[in-house]
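Thanks for coming. I will keep this short and go through one model on the screen.

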Amino acid sequence: MTSFTPRVFSGIQPTNHLQLGNYLGAVKRFVAMQNDGMETIYCIVDQHAITASFQNPADLRHATRELASAYLACGLDPAKSVLFNQSQVPAHSQLAWVFNCVARMGWMNRMTQFKDKAGKNAEKASLGLYAYPALMAADILLYHATHVPVGEDQKQHVELTRDIAAKFNHDYGVDFFPETQPIIEGAATRVMSLRDGTKKMSKSDPSDASRINLTDDADTIARKIRKAKTDPEPLPETVEGLADRPEARNLVNIYAALAEITAADVIAQHGGSQFGSFKPALADLAVDKLAPISTEMARLMGDVTEIDRVLSQGAERAAAMAEPIIAQTYDIVGFVR
Ligand code: ATP
Ligand code: MG
């Protein structure tokens with residue numbers, strides 16, 4: 001077995017505004033891995049953003065720059081990490097085509113994200129939404145990434161990435177693509193909707209009240225938490241007491257992740273409290289942690305030329321890393337060049 005240099009890759013789609021789950025489940029982890037000194041590549045996956053529904057071009061451009069500003073405001077540093085948007089590096093699409101021909105229909109049919117996003121009307125979903133996980137595998141394997149920090153919802157796609165790598169290696173008799181590990185860590189790997197504790201919080205949920213956006217002001221954050229769905233019981237005295245209470249568990253996990261403590265610590269401090277007192281404490285904490293980020297994002301968005309410069313410089317670095325890998329892939333496959 002070839003041993004692959006540890007390398008981190010992850011990405012976020014520029015759809016709408018970044019939400020709290022993206023921050024706690026993904027970006028906060030991205031920053032931690034960058035600061036651990038690992039080689040890190042973080043992408044704004046704009047080609048994924050057009051898979052689910054029609055994106056107004058001006059909105060897509062804005063969301064791409066806003067996501068770049070969020071990456072920077074949260075502490076990603078273009079001197080330490082490669083930061084760029086996917087569409088500036090055509091090798092993502094080139095490798096995705098090869099992987100479309102490696103992945104099996106049966107594998108794709110098991111993807112729960114497609115079922116969730118396509119809903120009852122799968123016939124009307126785009127081919128791109130169906131092929132999304134093969135493009136994601138290409139995003140990761142184009143850099144021979146070994147570690148992918150993601151939220152719980154992306155675990156299945158990273159597993160599919162491993163299946164694609166294994167089948168490619170097997171079919172062509174090579175040991176070329178690594179077995180990538182998903183890194184799903186922290187107290188909030190699956191932040192749930194504030195309106196429904198059984199549904200994940202998402203940028204693209206039609207209800208703005210279901211999520212906290214990184215661009216929300218302090219009053220909006222406090223109002224959304226105050227209105228968050230809960231049950232009538234006070235918080236339990238033990239973590240086990242959260243087992244059948246999805247909404248209570250969600251708020252406790254959010255508190256824990258924001259405060260960088262465990263759910264057990266939150267229960268030790270707030271067990272027995274009514275939501276009438278816990279929600280304001282959570283709102284204060286959220287505002288405390290998120291307001292500096294949204295202020296910095298707004299400042300960065302004042303200079304879009306600078307954001308575009310950061311992205312194109314990052315794209316040049318990413319393209320230089322991708323170039324030998326796509327060239328070797330084409331040689332392995334037998335494309336004459
Ligand atoms: P969309 O609704 O457009 O799919 P999203 O909110 O699911 O948006 P993505 O761009 O698909 O965001 O995912 C970006 C990253 O954020 C992924 O690593 C994903 O696992 C993580 N993530 C998304 N939602 C949550 C959540 N509710 N809790 C924890 N992590 C999340
Ligand atoms: Mg998603």
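Which residues do ring pairs link into a cluster? They are F99, F168, Y172, F176 and F177. By pair I mean rings of Phe, Tyr or Trp, the last by its six-membered ring, with centres within 6.5 Å; planes under 30 degrees apart are stacked, over 60 edge-to-face, and the rest tilted.

Before going on, the conventions. This is a predicted model, so local features need pLDDT of at least 70 and side-chain atom pairs pLDDT 80 or more, while totals for chains, interfaces and linings use all residues. Residues are numbered from 1 along each chain as its sequence is written, chains are lettered from A and ligands numbered from 1 in the order written, and side-chain values use heavy atoms, without hydrogens and water.

Back to the rings. The structure holds 12 aromatic pairs. F99 and F168 are edge-to-face, because their ring centres are 6.4 Å apart and their planes stand at 75 degrees. F99 belongs to helix 4 (residues 91-100) and F168 to helix 8 (residues 155-172), so this pair ties together parts 69 residues apart in sequence. Helices here are DSSP runs of H or I, at least four residues, and strands are runs of E, at least two, numbered from the N terminus.

Buried means under 20%, exposed over 50%, and partly exposed in between, with a 1.4 Å probe and protein chains only. Y330 and F335 make another edge-to-face pair, 4.9 Å centre to centre with 90 degrees between the planes. F335 is partly exposed, at 38%.

Now the ligand. Ligand 1 is surrounded by 22 residues, the closest being K117, D153, V191, K200 and S204; a residue counts if one of its heavy atoms lies within 4 Å. Helix 1 (residues 20-35) gives the largest share of that shell, 4 residues.

For polar contacts, the cut-off to the ligand is a pair of N or O atoms within 3.5 Å. A polar side-chain atom of D153 is 2.6 Å from a ligand oxygen, and a backbone N or O atom of G151 is 2.8 Å from an oxygen of ligand 1. A ligand nitrogen lies 2.9 Å from a polar backbone atom of M201.

Last, the whole chain. The secondary structure comes to 13 helices and 5 strands. Of the 337 residues, 50% are buried. The C-alpha trace spans about 70 × 45 × 40 Å along its principal axes.

Conventions. A polar contact is a pair of N or O atoms within 3.5 Å; within protein, one must be able to donate a hydrogen and the other to accept it, and residues adjacent in sequence count only if both atoms are side-chain atoms.
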